[in-house]
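User: Please take a close look at one part of this model and describe how it is put together. Then follow the connections into the rest of the chain.

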Amino acid sequence: MEARPAPSGRRARLALWPLLALLVLLASCNWSVPTEPWEPAPGPAVARPLAPREACARRDAERRAFFGDLHVHTSFSMDARAMGTTTSPDDAYRFARGEPTRVYGGAPEAPTRSVQLSRPLDFAAVTDHAEWMGEVSLCTTPGSPSYATDGCQIYRGERRAWLARLLGLGGFMANMAGIVSVGGRPEEVCGEGNAICRAALIGAWKATQDAAERWYDRTSACTFTTFHAWEYSRSPQASKVHRNVILRNELSPELPISS
């Protein structure tokens with residue numbers, strides 16, 4: 001059989017033009033994914049006495065430098081979970097405190113590996129994306145009302161979304177296509193009136209808050225401070241205007257505010 005010559009550089013560049021043109025078209029659109037407001041609207045933070053804490057035994061008039069991390073994702077975040085993260089908010093705080101923690105091994109078939117900080121942090125906040133936190137929880141919890149849906153199977157990578165396959169853009173876009181629906185949340189995942197996703201979001205948000213409270217050192221030793229927090233992740237026109245929302249105390253709204 002006669003060997004064909006390799007495509008010239010010019011021909012290879014021309015072959016890429018359709019894909020590049022499509023990507024430019026997508027980028028020129030308002031590439032945020034709108035969703036309808038929750039019904040009923042999320043309730044505000046309920047006023048109540050703050051949890052008691054002892055005064056710190058050591059206080060320096062000249063102050064001290066503290067080191068921490070205010071941008072931490074766990075398996076509740078759609079991007080982190082799609083790329084293999086399975087750690088929980090408790091795992092994140094455990095790692096911040098200097099304890100060994102098992103993390104994703106880097107490939108689907110790879111075993112988890114143990115990681116540990118050489119020096120514990122002084123403070124931390126788990127800031128999972130408010131967007132699709134409920135959907136991610138539903139799609140990754142066996143036995144949930146939505147676990148067996150087509151959308152959840154796509155998100156878990158068990159099925160490939162046709163658009164991502166067509167564009168050849170790999171697993172992440174394919175995963176996201178399972179839980180992102182232009183014009184609203186996917187009803188097969190979220191149920192009528194988005195009731196299933198709302199309940200799952202409440203559960204995931206409560207689990208995040210509970211973890212923050214478990215790891216907050218309220219004794220006079222003041223060894224570790226946690227913050228109730230989330231990430232607001234709107235991305236109009238493919239921009240990145242994400243913001244970490246850090247609350248001053250444990251009084252928080254019913255749901256984390258999303259785009």
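Strand S1 and strand S4 (residues 123-126) run parallel and are joined by three bridges. Strands here are DSSP runs of type E with at least two residues, helices are runs of type H or I with at least four, and both are numbered from the N terminus. This is a predicted model, in which local features need pLDDT of at least 70 and side-chain atom pairs count only at pLDDT 80 or more, while totals for chains, interfaces and linings use all residues. Residues are numbered from 1 along each chain as its sequence is written, and side-chain values use heavy atoms, with hydrogens and water left out.

Within this pairing, aspartate 69 stands opposite alanine 124 in S4. The open sheet as a whole has three strands in the order S1-S4-S5, with parallel pairing; two strands pair if DSSP finds at least two bridges between them. Strand S1 (68-72) and strand S5 (225-226) are the edge strands, each pairing on one side only. Helix H3 (residues 89-96) packs on the sheet and touches S1, S4 and S5, its direction making about 160° with that of S4. Contact means heavy atoms within 4.5 Å. The angle is taken between N-to-C directions, on a range from 0 to 180 degrees, with axes fitted as lines to C-alpha atoms, for helices over the stretch in contact.

Helix H9 (residues 195-215) is the next element to consider, and alanine 204 lies in it. Alanine 204 counts as buried because its relative accessibility is 2%; buried means under 20% relative accessible area, exposed over 50%, and partly exposed in between (1.4 Å probe, protein chains only). Leaving out residues up to four places away in sequence, alanine 204 touches Phe76 and Met133. Its C-alpha atom is separated by 9.9 Å from that of aspartate 128, a residue 76 places away along the chain.

Arginine 198 forms a salt bridge with glutamate 254, with 3.1 Å between the closest N and O atoms. This pair links distant parts of the chain, 56 residues apart: arginine 198 is in helix H9, and glutamate 254 is in the segment after strand S7 (243-246). A salt bridge is a side-chain nitrogen of Lys or Arg within 4 Å of a carboxyl oxygen of Asp or Glu. Arginine 198 is buried at 11% relative accessible area, whereas glutamate 254, at 31%, is partly exposed.

The segment after S7 takes part in another such link. Arginine 218 forms a salt bridge with glutamate 250, the closest N and O atoms lying 3.8 Å apart. Arginine 218 is in the loop between H9 and S5 and glutamate 250 is in the segment after S7, so this pair ties together parts 32 residues apart in sequence. Arginine 218 is buried at 17%, and glutamate 250 is buried at 9%.

Elsewhere, a salt bridge of 2.8 Å (N to O) joins the side chains of aspartate 60 and arginine 64. Both residues are partly exposed, aspartate 60 at 32% and arginine 64 at 39%. Arg58, Asp60 and Arg64 are linked in a network of salt bridges. The whole structure holds 12 salt bridges.

For context, the protein chain has nine helices and seven strands. Of its 259 residues, 35% are buried. Among contacts between residues at least 6 apart in sequence, 66% join residues at least 24 apart.
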